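Please look at the sequence and the structure before reading on.

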Amino acid sequence: MQTDLKEEARQIFRAGLRAVDPIEAVKRFLNLEGNTLVLGEQELDLEDFEGIWAIGAGKASAAMAQAVEEVLGDRLNGGLVIVKYDHLAPLRKIRLLEAGHPTPDENGWRGTQELVRLVGNLGRQDLVLFLLSGGGSALLPMPVEGITLDEKMAATNLLLKSGVSIQEMNTVRKHLSQVKGGQLARLAHPATLISLILSDVVGDPLDVIASGPTVGDPTTYKECQEVLDRYALQDKLPTSVKSHLEAGTDGKVPETPKPDEPIFSRTLSILVGTNMQALKAAAKQAEKLGYTSLILSSLIEGDTTEAARFHTALAKEIVMSGHPVLRPACLISGGETTVVVRGKGKGGRNQHFALEAALELEGLEGVCLLSGGTDGTDGPTDAAGAVVDGDTVARALAKGLNPREFLAENNSYHFFQHLDDLLITGPTNTNVMDLRLVLVK
């Protein structure tokens, strides 16, 4: 029974991925009717523009660019998108550059410079389609003057390992960048700028997704200092980063553009894919397999350990009392949790979540849990996540593996690799945060 549960969990996960395929997501909101470009409920007369360009950044931006090429055909003049390594798509007019994620690298820096030069040469008669998805922050590295890429990378890695939320991370990122926090819109002005966005942030706040390059930034340098104080990072930052943030707090460096500034009068942002779309598709597939599905929330964030215990507590409650839903049941949740890295192992938040859950589910029959990143990668690994059940711990102990030791070392990847329980999808070319499933027979 347990093996069947794991396979059904994988089927349900794949159904969630199909619902947020970036090509289909873009085509739902981008259509060409004669000379009219239909963008959801908005329409643009293409006769008003001399040039049409597509730019972008993110794990899904190559696939999104493919959709734009298919819709616009020869009307498209060209463009440039920056993607994570191996997240490719066949493109004809739009240049494709690969770069580092989650840690920025030289390729991303050079690609961002090229993208900035492209938009800087455009004018009022140009239309720019900006294709943005998760990963865009790391793939658009252009530090402010006085900070090297290595110094910004050091600051980024420090934040990643400290358990900061994506909102806190991007608050700081925006104030260390020349393009994030609405600054790409400033560079593209006065061209018309349309952003098509695949959200990887809880609640879909436009200013946080990939650090909001084309929307006004409500955050401030003061809030950056609050993040650093909250996690005791002030004395760990490179001197140049600390000095820049202090100068901004003192008003010696201009703030990022705010939402009410005139540069945003010629911009429009459209959400084309969200975590909730994936959750609903997963719920529909679960019901086809005979489960009663219940979507808990697409907004789950915070500590990974606590989130895992919450999900397993619900599974136990269903077994014991039939609440909050009768068996056979499928609980579904989304969002993005955080892990404070203390060990030297290999893993990601979804694998960590699954290992915590395995300990809680030990010995419980007829229950399976899957946690996976919709982008197909979890942390610096080739796995999207992992699948566990009530037998996982016993199987590990039989192989001489101590789950708690692997957990303490943040080494969930190698734990599940030994058990062949990793969730391997390869690059999915989409990214709408995480999808978690709890199946109870």
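The sections below cover the basis of the model, its cysteines, a lysine, a strand, a pocket and some backbone features.

## Basis

The model is predicted, and local features need pLDDT of at least 70, while side-chain atom pairs count only at pLDDT 80 or more and totals for chains, interfaces and linings use all residues. Residues are numbered from 1 along each chain as its sequence is written, and side-chain values use heavy atoms, with hydrogens and water left out.

## Cysteines

The structure holds 0 disulfides, a disulfide being a pair of cysteine sulfur atoms within 2.5 Å. Cys330 is in no disulfide, and its nearest cysteine sulfur belongs to Cys368. Because the sulfur of Cys368 is 9.6 Å from that of Cys330, the two are too far apart for a bond.

Cys330 has 0% relative accessibility and counts as buried; buried means under 20% relative accessible area, exposed over 50%, and partly exposed in between, with a 1.4 Å probe and protein chains only. Cys368 is likewise buried, at 0% relative accessibility.

## Lys6

Lys6 sits in helix 1 (residues 2-19). Helices (H or I, at least four residues) and strands (E, at least two) are DSSP runs, numbered from the N terminus. With a relative accessible area of 12%, Lys6 is buried.

Which residues does Lys6 contact, leaving aside its neighbours within four places in sequence? They are Cys368, Val387, Val388, Asp389, Arg395 and Asp421, where contact means heavy atoms within 4.5 Å.

## Strand 8

Strand 8 (residues 192-198) is mostly covered, with 7 of its 7 residues buried. In a regular strand the side chains alternate between the two faces of the sheet. On one side of strand 8 are Thr192, Ile194, Leu196 and Leu198, on the other Leu193, Ser195 and Ile197, and all are buried.

Strand 8 runs parallel to strand 7 (residues 126-132), to which 6 bridges join it; two strands pair if DSSP finds at least two bridges between them. In this pairing, Leu131 is opposite Leu196 of strand 8. Strand 9 (residues 267-273) is also parallel to strand 8 and is joined to it by 6 bridges, with Leu193 opposite Thr267 of strand 9.

## Pocket lining

The residues lining the second largest pocket include Asp303, Arg342, His352 and Glu356. Helix 12 (304-321), helix 13 (349-360) and helix 15 (403-408) are the elements that each give two or more residues to this lining. A pocket is, on a 1 Å grid over the protein atoms alone, an open set of points where a 1.4 Å probe fits, with protein on both sides within 12 Å along at least five of seven lines; lining residues have an atom within 4 Å of a point.

## Backbone features

The peptide bond between His189 and Pro190 is cis, with omega about 15°. Pro190 belongs to the loop between helix 8 (183-188) and strand 8. A cis bond also joins His323 to Pro324, with omega near 5°, and Pro324 is in the loop between helix 12 and strand 11 (329-338).

Asp420, a residue other than glycine, has a positive phi near 60°. Asp420 lies in the loop between helix 16 (412-419) and strand 14 (422-423) and is exposed, with a relative accessible area of 65%. Met433 is not a glycine either, and its phi is positive at about 70°. The loop between strand 14 and strand 15 (434-440) holds Met433, which is buried at a relative accessible area of 2%.
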